[in-house]
Amino acid sequence: MTDLAQALTDRAVKANRSPGPGRTGVRRLLPVVVPLAVLVLLVFLPWMRFPVPGVLPGVVNSPGSMQLLALCLVTGGIALSYDVLFGRTGLLSFGHALFVGAGAYSAAVALGKWGASLGTAVLVVLAFAVVLPIVVGAIALRVKGIAFAMVTLAFAQAVAITVARNPGGLTGGEEGLSLNRSALPSLLTGVVNAPYRYWLALGFLVFCVLVVLWLTTARTGHAWAAVRENEDRVEVLGLSAYRTKLTAVVVAGFLGTLGGFLQLIVIGGANPHLLSTELTLSLLIMVVLGGAGSRWGAVLGGVVYVLLDNRLQELSTSETIAGLPAVLRVPLSQPVFVLGLLFVLVVYFAPGGLTAIGGRVRRWFAGRHAAAPK
Amino acid sequence: MSSLILILITGVGLGALYFLVASGLSLIYGLMHVLNFAHGAFLTAGAYAAWVAIGHLTGLGGWAFPVAVLVGMAVGAAIGAGVEFCLIRPLYRRHIEQVLVTVGLGLMAVALFTGIWGADPQPFPGPEWTRQTTDIGGAAIPNDRFLLIAAAGLLLVGLIALLRYTRIGLIIRAGVENRTMVQALGIDVRRTFTLVFALGGAAAALGGVLGSVYLGSVSPGQGTALLIFAFIVVVIGGFGSIGGTAIAALLVGMVQQMTNFYVGSGIGDVSVVLLLAAVLLVRPAGLTGRTA
């Protein structure tokens, strides 16, 4: 017990450790003040009119930019839900797309095919968000490690193949389903209402962050971390590793399903990509890119990934690229290539992801003043 | 009856294709505990290399295809060895990072192939005789199936011989069993890692070329599409066991073909993934019961 408790305390201390000697009261408040300031900034973005060249397609409050930012925020939330599994509990899942796709498709089918109202559709999504992770988790968690990854992959693939086959004309096959906009309040549809979808996406992200923050600082999160570090030890302590992991799958699945629903509203349709293994792999990339298991890593990774993907797409068709010799032009015209390369570089040279880079730089400076940090 | 024979032989042919891809994956996982997501890239690279070679070797007539196959396998082996030596080795024993690097490589490779040769499938000019059929029990069987089966059979025999009767094979088998112990005995297991990656790369490339003959075309995503089924084969067969992989490949190929034909197209793919889930839940270590 003391061993584990010690390990957990060490972790907590490490996480909250001051970067150098003499951390004053103001700096202790930074972890609260900075996110709040960012949140306030994000809330007021739809009133801002200046362009951000290279990052956004137009001025900040243009519909195109709002749409892109909304997608960033939703993806950030979904990446955070994947991080609950991968970064915080140490579970490698290849089937997270199943939950995202379920959220998008269940709502799209309920609204478009059954003519349900928005309230009913939300209830359907919530039902899927609770039941599906429990069922999948309860079965898949009977095996560990790479076998768990494979069983989750199997479930996701089975559903993806079925959906692509368009059973009974329900799922729209390869084309996917477009969102039945008439069932939505007019505030959430149409190009000019992009800011409302943006705020909705922001609300979803804040909800995800709060839930994950609350759970990771509570007993549940400590148990997740303990399972990640050493599962056998958790069993010896009398905790059920199975149940601990199941809560992680259920929380991640719940948030992922909601994320899929939000994705449906933001992009205006459900498509087979939402169920694909590529989506799960891109979530894995986002989480590692930002920093697995860190407080803001997954969210940052998701936002950066979507922005990069979008900008690189733009870049790939630009004239600057077309003028380059083939050796540079061919790789640069493929956004996925650049993202993959960036990902590999992060794995090699920045373990801990983007969020860890700041800490490293700080510690490096602190190390020059005081004794070398541990 | 004739359709049953056709389905059976096609199922075996499909299983043979899976075995070509999965054998390398299985050895790599068994020895190094790396789930190699870049394996699909080896396959596609080999297929494109052979496709390019065939385009340049039109003067050789009937010999163009065998030479192109060899070129493809050489490219696959070189890429496999290169990836292990330059990218996997520096991350010694950090399995998660190793897997992540192969995931990145796999994505990059598909994007790169798309950038160079376009997203559309390119017609693959296989030799004339693979497009003809042979009559067996009243069923006209396309010859490409036999090509796949023969290649997989040769690979299986070759691998078993390598593992059973050579010193390197002994080290690989021992390494799969208990890597730490082999190292404690003063044998450098790491030297076999490059070899296993090169072998796996060559086998995957062979699978890529023959798969392209079977499909009649080569496309950037073909490796990734096969990779998922190869993973399923490896897991069902039990990691690191060549015999288990062969049996699982046959099983998966048959189940997929049979269900696709008798139940409905597409159901076969679903039934295979459900088969995987069922096998894993009943026997977590795979059919052969080896612990991974």
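L147(B) is buried, with 22 other C-beta atoms within 10 Å of its own, where buried stands for 20 or more such atoms, exposed for 12 or fewer and partly exposed for anything in between, with C-beta atoms placed from the backbone. The model is predicted, so local features need pLDDT of at least 70 and side-chain atom pairs count only at pLDDT 80 or more, whereas totals for chains, interfaces and linings use all residues. Residues are numbered from 1 along each chain as its sequence is written, and chains are lettered from A and ligands numbered from 1 in the order in which they are written.

**Two residues of chain B**

- L147(B) lies in helix α5 (residues 143–165) of chain B, helices being DSSP runs of H or I with at least four residues and strands runs of E with at least two, numbered from the N terminus.
- Leaving aside residues up to four places away in sequence, L147(B) touches T130(B), L210(B) and V213(B), a contact being a pair of C-beta atoms, placed from the backbone, that lie within 7 Å.
- The C-alpha atoms of L147(B) and T130(B) are separated by 7.8 Å, although these residues are 17 apart along the chain.
- H33(B) sits in the loop between α1 and α2 (39–56) of chain B, and its phi is near 60°, a positive value in a residue other than glycine.
- H33(B) is partly exposed, with 17 other C-beta atoms within 10 Å.

**The contact between the chains**

- Contacts join 29 residues of chain A to 28 residues of chain B.
- On the side of chain A that touches chain B, two or more residues come from each of α6 (145–164), α11 (277–290), α14 (326–332) and α15 (335–349) of chain A, and the largest share, 10 residues, comes from α6(A).
- By class, this side of chain A has 21 nonpolar, six polar and two charged residues, with Ala, Val, Leu, Ile, Met, Phe, Trp, Tyr, Cys and Pro counted as nonpolar, Asp, Glu, Lys and Arg as charged, and the others, Gly among them, as polar.

**The largest nonpolar core**

- The largest nonpolar core has 216 residues, and those with the most contacts inside it are M150(A), Y18(B), L20(B), A230(B), I232(B), V233(B) and L276(B); such a core is a set of buried Ala, Val, Leu, Ile, Met, Phe, Trp, Tyr and Cys residues joined through C-beta atoms within 7 Å.
- Helix α1 (residues 2–32) of chain B gives the most to this core, with 17 residues.
- Y18(B) touches F229(B), A230(B), V233(B), A249(B), V252(B) and G253(B), when residues up to four places away in sequence are not counted.

**Helix pairs**

- The axes of helix α9 (residues 222–237) and helix α11 (residues 267–282) of chain B come within 10 Å and cross at roughly 25°, with axes fitted to C-alpha atoms over the stretch in contact and angles running from 0 to 180 degrees between N-to-C directions.
- α9(B) and α11(B) are therefore roughly parallel to each other, a term for angles under 35 degrees, while those over 145 count as roughly antiparallel, 65 to 115 as roughly perpendicular and the rest as oblique.
- Their contact is made by F229(B), I232(B), V235(B) and I236(B) of α9(B) and V272(B), V273(B), L276(B), V279(B) and L280(B) of α11(B), and by class it has nine nonpolar, no polar and no charged residues.
- The axes of helix α12 (residues 297–316) of chain A and α15(A) come within 9 Å and cross at roughly 135°, and the two helices are therefore oblique to each other.
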